[in-house]
Amino acid sequence: MNISTKRVEAFSDCVISIVITIMVFDIKLPEGVKLTNKWELKQLLLLAPQFISYLFSFMVLGIMWINHHHLLHMIQKADEKFLWLNLHLLFWLSLIPFPTDMLGRNPLLSYSTATYGAILFMAAFAMTLLRGYAIRHSLMYIAKEKTLNKTIDLVNRRSRIKNFIGMASYFISIPASFWSVYAAYACFTVAPILFFIPVGIDDERLAQKVTAGNESFSTTIVSDDIL
(Lines give C-alpha, C1' and ligand atoms only; values in the text may rest on other atoms or scores of the structure.)
Protein backbone atom coordinates (compact mmCIF):
# COMPACT_ATOMS: atom_id res chain seq x y z
CA MET A 1 0.00 0.00 0.00
CA ASN A 2 1.55 3.29 -1.17
CA ILE A 3 0.50 6.39 0.77
CA SER A 4 1.16 10.03 -0.10
CA THR A 5 3.60 11.74 2.24
CA LYS A 6 1.67 15.03 2.15
CA ARG A 7 -0.92 13.90 4.70
CA VAL A 8 1.80 12.41 6.89
CA GLU A 9 3.68 15.70 6.89
CA ALA A 10 0.54 17.80 7.50
CA PHE A 11 -0.55 15.64 10.46
CA SER A 12 2.96 15.66 11.96
CA ASP A 13 3.24 19.44 11.60
CA CYS A 14 -0.07 19.84 13.41
CA VAL A 15 0.98 17.60 16.32
CA ILE A 16 4.36 19.28 16.76
CA SER A 17 2.82 22.77 16.70
CA ILE A 18 0.32 21.72 19.40
CA VAL A 19 3.14 20.26 21.54
CA ILE A 20 5.06 23.55 21.36
CA THR A 21 1.93 25.50 22.30
CA ILE A 22 1.21 23.25 25.28
CA MET A 23 4.67 23.91 26.73
CA VAL A 24 3.94 27.64 27.02
CA PHE A 25 0.98 26.96 29.32
CA ASP A 26 3.32 25.39 31.88
CA ILE A 27 5.25 28.63 32.45
CA LYS A 28 3.67 29.97 35.63
CA LEU A 29 4.80 31.85 38.70
CA PRO A 30 5.42 29.64 41.76
CA GLU A 31 2.50 29.34 44.15
CA GLY A 32 2.44 32.00 46.85
CA VAL A 33 4.25 34.62 44.76
CA LYS A 34 2.23 37.76 44.17
CA LEU A 35 3.17 40.46 41.70
CA THR A 36 3.14 44.05 42.93
CA ASN A 37 2.77 47.36 41.13
CA LYS A 38 6.49 47.84 41.54
CA TRP A 39 8.01 45.30 39.18
CA GLU A 40 10.99 43.62 40.75
CA LEU A 41 13.70 41.74 38.89
CA LYS A 42 13.61 39.00 41.53
CA GLN A 43 10.06 38.14 40.56
CA LEU A 44 11.07 37.76 36.92
CA LEU A 45 14.13 35.67 37.79
CA LEU A 46 11.85 33.16 39.49
CA LEU A 47 10.69 32.16 36.02
CA ALA A 48 14.19 31.98 34.47
CA PRO A 49 14.57 28.17 34.81
CA GLN A 50 11.17 27.61 33.19
CA PHE A 51 11.95 30.02 30.35
CA ILE A 52 15.32 28.37 29.73
CA SER A 53 13.89 24.83 29.73
CA TYR A 54 11.09 25.98 27.40
CA LEU A 55 13.58 27.67 25.08
CA PHE A 56 15.76 24.57 24.85
CA SER A 57 12.80 22.23 24.30
CA PHE A 58 11.45 24.61 21.67
CA MET A 59 14.81 24.38 19.87
CA VAL A 60 14.87 20.56 20.16
CA LEU A 61 11.35 20.28 18.76
CA GLY A 62 12.25 22.74 16.01
CA ILE A 63 15.27 20.63 15.04
CA MET A 64 13.15 17.47 15.08
CA TRP A 65 10.55 19.17 12.90
CA ILE A 66 13.16 20.36 10.37
CA ASN A 67 14.80 16.92 10.22
CA HIS A 68 11.37 15.31 9.79
CA HIS A 69 10.52 17.81 7.06
CA HIS A 70 13.77 17.07 5.20
CA LEU A 71 13.24 13.33 5.56
CA LEU A 72 9.75 13.43 4.07
CA HIS A 73 11.01 15.51 1.15
CA MET A 74 13.38 12.66 0.32
CA ILE A 75 10.61 10.04 0.49
CA GLN A 76 8.47 9.33 -2.56
CA LYS A 77 5.91 7.11 -0.81
CA ALA A 78 4.92 5.73 2.58
CA ASP A 79 3.40 2.48 3.75
CA GLU A 80 1.41 1.45 6.82
CA LYS A 81 4.43 0.51 8.94
CA PHE A 82 6.01 3.88 8.14
CA LEU A 83 2.84 5.53 9.46
CA TRP A 84 3.10 3.58 12.72
CA LEU A 85 6.77 4.48 13.09
CA ASN A 86 5.86 8.11 12.47
CA LEU A 87 3.20 7.89 15.20
CA HIS A 88 5.84 6.34 17.47
CA LEU A 89 8.01 9.42 16.89
CA LEU A 90 5.11 11.80 17.53
CA PHE A 91 4.28 9.96 20.76
CA TRP A 92 7.71 10.69 22.25
CA LEU A 93 7.69 14.26 20.95
CA SER A 94 4.29 14.82 22.59
CA LEU A 95 5.79 13.80 25.95
CA ILE A 96 8.48 16.50 25.86
CA PRO A 97 6.32 19.14 27.66
CA PHE A 98 6.21 16.91 30.77
CA PRO A 99 9.99 16.71 31.45
CA THR A 100 10.33 20.33 30.27
CA ASP A 101 8.00 21.49 33.04
CA MET A 102 9.66 19.11 35.50
CA LEU A 103 13.11 20.47 34.63
CA GLY A 104 11.95 24.09 34.73
CA ARG A 105 10.58 23.68 38.26
CA ASN A 106 13.47 21.52 39.54
CA PRO A 107 16.57 22.42 37.46
CA LEU A 108 19.06 20.95 39.96
CA LEU A 109 17.19 17.71 40.63
CA SER A 110 18.90 14.63 39.18
CA TYR A 111 15.61 12.88 38.46
CA SER A 112 14.44 15.88 36.42
CA THR A 113 17.48 15.85 34.12
CA ALA A 114 17.42 12.05 33.89
CA THR A 115 13.75 12.06 32.85
CA TYR A 116 14.40 14.81 30.33
CA GLY A 117 17.33 12.88 28.87
CA ALA A 118 15.32 9.66 28.68
CA ILE A 119 12.49 11.30 26.70
CA LEU A 120 14.91 12.99 24.31
CA PHE A 121 16.74 9.69 23.84
CA MET A 122 13.51 7.91 22.90
CA ALA A 123 12.56 10.73 20.51
CA ALA A 124 15.97 10.51 18.80
CA PHE A 125 15.67 6.71 18.71
CA ALA A 126 12.23 6.99 17.07
CA MET A 127 13.61 9.36 14.42
CA THR A 128 16.48 6.95 13.72
CA LEU A 129 14.02 4.05 13.33
CA LEU A 130 11.88 6.08 10.94
CA ARG A 131 14.79 7.05 8.70
CA GLY A 132 16.29 3.55 8.80
CA TYR A 133 12.99 1.95 7.79
CA ALA A 134 12.57 4.36 4.88
CA ILE A 135 16.07 3.54 3.61
CA ARG A 136 15.83 -0.24 4.03
CA HIS A 137 12.40 -0.53 2.38
CA SER A 138 13.18 1.67 -0.64
CA LEU A 139 10.78 4.46 0.27
CA MET A 140 13.36 7.09 -0.63
CA TYR A 141 13.53 8.68 -4.06
CA ILE A 142 15.70 6.86 -6.56
CA ALA A 143 17.10 9.29 -9.12
CA LYS A 144 17.66 8.39 -12.75
CA GLU A 145 21.03 10.15 -12.49
CA LYS A 146 23.57 8.03 -10.60
CA THR A 147 25.36 11.11 -9.24
CA LEU A 148 22.20 12.24 -7.46
CA ASN A 149 21.79 8.79 -5.89
CA LYS A 150 25.30 9.07 -4.48
CA THR A 151 24.36 12.43 -2.98
CA ILE A 152 21.18 10.96 -1.47
CA ASP A 153 23.21 8.12 0.08
CA LEU A 154 25.67 10.68 1.48
CA VAL A 155 22.83 12.73 3.02
CA ASN A 156 21.30 9.63 4.62
CA ARG A 157 24.67 8.44 5.93
CA ARG A 158 25.49 11.81 7.50
CA SER A 159 22.00 12.11 8.99
CA ARG A 160 22.19 8.63 10.54
CA ILE A 161 25.61 9.37 12.03
CA LYS A 162 24.24 12.54 13.62
CA ASN A 163 21.21 10.60 14.87
CA PHE A 164 23.40 7.96 16.52
CA ILE A 165 25.64 10.58 18.14
CA GLY A 166 22.58 12.45 19.43
CA MET A 167 21.10 9.22 20.80
CA ALA A 168 24.39 8.38 22.54
CA SER A 169 24.65 11.83 24.15
CA TYR A 170 21.05 11.69 25.42
CA PHE A 171 21.60 8.16 26.73
CA ILE A 172 24.78 9.20 28.56
CA SER A 173 22.92 12.13 30.14
CA ILE A 174 20.69 9.70 32.09
CA PRO A 175 23.39 8.18 34.35
CA ALA A 176 25.38 11.44 34.22
CA SER A 177 22.44 13.20 35.88
CA PHE A 178 23.12 11.34 39.12
CA TRP A 179 26.77 12.37 39.04
CA SER A 180 26.29 16.02 38.01
CA VAL A 181 23.27 17.74 36.49
CA TYR A 182 25.67 20.09 34.69
CA ALA A 183 27.26 17.12 32.94
CA ALA A 184 23.77 16.11 31.80
CA TYR A 185 23.14 19.64 30.52
CA ALA A 186 26.38 19.41 28.51
CA CYS A 187 25.13 16.16 26.96
CA PHE A 188 21.87 17.84 25.95
CA THR A 189 23.75 20.40 23.83
CA VAL A 190 25.56 17.83 21.64
CA ALA A 191 22.68 17.14 19.23
CA PRO A 192 21.79 20.84 18.64
CA ILE A 193 25.46 21.65 18.01
CA LEU A 194 25.68 18.84 15.44
CA PHE A 195 22.55 20.14 13.74
CA PHE A 196 24.01 23.61 13.19
CA ILE A 197 27.25 22.26 11.68
CA PRO A 198 26.81 22.87 7.92
CA VAL A 199 27.01 19.83 5.64
CA GLY A 200 26.97 21.72 2.34
CA ILE A 201 23.93 19.87 0.94
CA ASP A 202 20.43 21.32 0.72
CA ASP A 203 18.05 18.36 1.21
CA GLU A 204 15.06 20.22 -0.21
CA ARG A 205 16.84 21.34 -3.39
CA LEU A 206 18.23 17.83 -3.79
CA ALA A 207 14.70 16.37 -3.62
CA GLN A 208 13.52 18.90 -6.20
CA LYS A 209 16.37 17.93 -8.54
CA VAL A 210 15.52 14.25 -8.19
CA THR A 211 11.81 14.68 -8.85
CA ALA A 212 12.44 17.09 -11.75
CA GLY A 213 15.00 14.71 -13.26
CA ASN A 214 12.67 11.73 -12.93
CA GLU A 215 9.76 13.62 -14.50
CA SER A 216 11.84 14.74 -17.48
CA PHE A 217 13.16 11.19 -17.88
CA SER A 218 9.61 9.78 -17.87
CA THR A 219 8.50 12.42 -20.39
CA THR A 220 11.37 11.47 -22.70
CA ILE A 221 10.42 7.78 -22.54
CA VAL A 222 6.77 8.56 -23.34
CA SER A 223 7.77 10.77 -26.26
CA ASP A 224 10.03 8.04 -27.65
CA ASP A 225 7.24 5.48 -27.36
CA ILE A 226 4.86 7.73 -29.26
CA LEU A 227 7.40 8.27 -32.01
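The legends below describe close-up views of a predicted model of one protein.

**View 1. The overall fold of the predicted model consists of helices.** The secondary structure comprises ten helices and zero strands, following the pattern α-α-α-α-α-α-α-α-α-α along the sequence. Of the 227 residues in the protein, 41% are buried. Among contacts between residues at least 6 apart in sequence, 81% join residues at least 24 apart. The accessible surface comes to about 13,200 Å², and carbon and sulfur atoms account for 67% of this area.

**View 2. Helix α5 (residues 97-105) and its buried residues are shown.** P97, P99, T100, L103 and G104 are buried in this helix. These residues lie on the same side of α5 because they cover an arc of only 165° around the axis. Their cover includes α1, α3 (48-73), α4, α6 (110-136) and α8 (181-188).

**View 3. A nonpolar surface patch is formed by I18, I22, V24 and F25.** The patch has an area of about 360 Å². One of its members, V24, lies in helix α1 (residues 5-25). V24 counts as partly exposed because its relative accessibility is 38%, a value between the limits of 20% and 50%.

**View 4. Confidence is lowest in helix α10 (residues 203-226) and highest in helix α4 (residues 80-94).** The mean pLDDT is 50 in α10 and 93 in α4. Over residues 217-227, pLDDT stays under 50, and the model has one contact beyond four places in sequence for this stretch. For the protein, the mean pLDDT is 80, with 74% of residues reaching 70 or more.

Terms used
Residues numbered from 1 in each chain as written. Predicted model: local features only at pLDDT ≥ 70, side-chain atom pairs only at ≥ 80, totals over all residues. Heavy atoms only, no water. Patch = residues over 30% accessible without salt bridge, like charges linked within 9 Å, V, L, I, M, F, W, Y side chains within 5 Å. Areas by Shrake-Rupley, 256 points an atom, 1.4 Å probe, with all protein chains shown as cover. Salt bridge = Lys/Arg side-chain N within 4 Å of Asp/Glu carboxyl O. Helix = DSSP H or I, 4+ residues; strand = E, 2+ residues; numbered from the N terminus. Buried < 20%, exposed > 50% of the residue type's maximum accessible area, 1.4 Å probe, protein only. pLDDT = per-residue confidence, 0-100. Contact = heavy atoms within 4.5 Å. Arc of directions from axis to C-beta.
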